[in-house]
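Have the sequence and the 3D view open while you read.

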Amino acid sequence: MSTEATTTARSTELYRRACELIPAGVSSPVRAFKAVGGTPRFVARGEGARIIDEDGASYLDYCMSFGPLILGHAHPEVVDAVTGAAKEGLTFGAPSRREIALAERMVAAYPALERVRFVSSGTEAVMSAVRLARGFTGRDLVVKFDGCYHGHADHLLVAAGSGLLTFASPSSAGVPKAFAEKTLVLPLDDEEALETVFRERGGEIAAVVIEPVPANAGLLVQRDEFLERVREVTAQYGALLIFDEVITGFRLGMAGAAGDFGITPDLATFGKIIGGGMPVGAFGGRKDVMERIAPLGDVYQAGTLSGNPVAMAAGETTLRILERDRIHEKIELRGERLEAGLRRALSTSRVPGCVVRKASLFWILLQAGPPPRRVDSIRKEAAIRFAPLHAALLGRGIYLAPSAYEVGFLSAAHTDEDVDASVASFEEALRHVEGGGEEIE
Ligand SMILES: *Cc1c(COP(=O)(O)O)cnc(C)c1O
């Protein structure tokens, strides 16, 4: 790869201007490169598997906007659908056929999705699903797992308390303690903790919310038995199981993680891919539960731009192409190739590490030992080693999300040649990580 920019002058200048207007110059924190150092690249445009920054440098993109772009940047059919819809009006505040088109595809593909409602982000989807679960069960408590991210709604922006049965504490300033105290945070991969909490508080728990394949603190693939136990215990105590499939929905196949594990949740939340790059979220599931939403029921939920026609068109087109072109099967093969290549490169370097992959999601973890299932098994050294790796890859025209805790995303636009070139760059970049070989500088 020799597509690297010789300069970051324009990005640096734009970053300086942005910082005078927008906190840290970014509209979402991880984009600021704080964890890896260096200048955030200001992206001028995207094209297939690549982004081109304001200095004219082209990067093979493995961040893919953190998930929505499973077809790659500016897919011609998606762009056509968006422009076609836009010409007919940007928003109506009245129902349109485009919501039905996307809902039909989702309901047909995802297990036991009987009703679905659209919102504008993943955060909103989870927030609404949790409120619905509380309204439906008449209970207040919610269980989440340490290492799962569900957006930035107050009651889920919390960290574990000091013991299993102690309530969570806010993980952000501005979250009232009283909100956090409605949430219990459990470790992943631990049936005993789950059972203990339900034995003690089961009658007060409205819902368990979980990323079935946790992909927001690295990629913490769970054992089937653990997820099965979560399903059993929630059913036994009359709590709802909410699968947060904002990343995994329509990524691990059309049936998401529910299809992959053969486990049906009561409610599921979606985002990212179902918007095809536009701001969309959705939640849905059991009809009897979903019919508690206003105006049918007493759980209030609304949105001025919900079901936006332009966004619906992007999402519906994306799902149609995924199915029509058997994209998941194709990406799986490319994923195997990437995984094997990265493993090979790691094994010939002296940098400790492992590669975790699930379908088009992958994670490079620079620490010794087996892939972790819990967030507390990720060691600080891994993040320290990641920063020079990130910089060296960027210099070779490979764009990874700027944090050791973010996963990589493959898209239908990445080719075998892209993958091979990335592996070669990775092999070189590892030499810049301590222990990776001759110190270059
Ligand atoms: C991205 C994400 C969210 C939040 O979605 P936004 O659209 O960023 O609000 C929620 N849950 C999971 C699992 C996610 O990956």
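First, a bit of housekeeping. This is a predicted model, where local features need pLDDT of at least 70, side-chain atom pairs count only at pLDDT 80 or more, and totals for chains, interfaces and linings use all residues. Residues are numbered from 1 along each chain as its sequence is written, and side-chain values use heavy atoms, with hydrogens and water left out.

**Helix α13**

- Helices (H or I, at least four residues) and strands (E, at least two) are DSSP runs, numbered from the N terminus.
- Helix α13 takes in residues 416-430, which is 15 residues. From first C-alpha to last, α13 reaches 21 Å, close to the 21 Å expected at 1.5 Å a residue; that expected span is 1.5 Å times one less than the number of residues.
- Which residues of α13 are buried? They are Asp 418, Val 419, Ser 422, Val 423, Ser 425, Phe 426, Ala 429 and Leu 430. They cover an arc of only 170° around the axis, which puts them on the same side of α13. (The arc is that of the directions from the helix axis to the C-beta atoms. Buried means under 20% relative accessible area, exposed over 50%, partly exposed in between, with a 1.4 Å probe and protein chains only.)
- The cover over those buried residues includes β3 (58-61), α11 (327-348), β14 (361-365), α12 (380-395) and β15 (398-399).

**His 414**

- You'll find His 414 in the loop between β16 (408-409) and α13.
- His 414 counts as buried because its relative accessibility is 0%.
- Its side chain reaches the backbone oxygen of Asp 61 at 2.7 Å.
- The side chain of His 414 also makes a polar contact with the side chain of Ser 411 (2.9 Å). (A polar contact is a pair of N or O atoms within 3.5 Å; within protein, one must be able to donate a hydrogen and the other to accept it, and residues adjacent in sequence count only if both atoms are side-chain atoms.)

**The sheet**

- Four strands make an open sheet in the order β1-β2-β3-β15, with mixed pairing. β1 (43-47) and β15 stand at the edges with a single partner strand each, so one side of each has no neighbour in the sheet.
- Two strands pair if DSSP finds at least two bridges between them.
- β1 and β2 run antiparallel, joined by 4 bridges.
- β2 (residues 50-53) and β3 are antiparallel too, with 3 bridges.

Definitions and conventions: Contact = heavy atoms within 4.5 Å.
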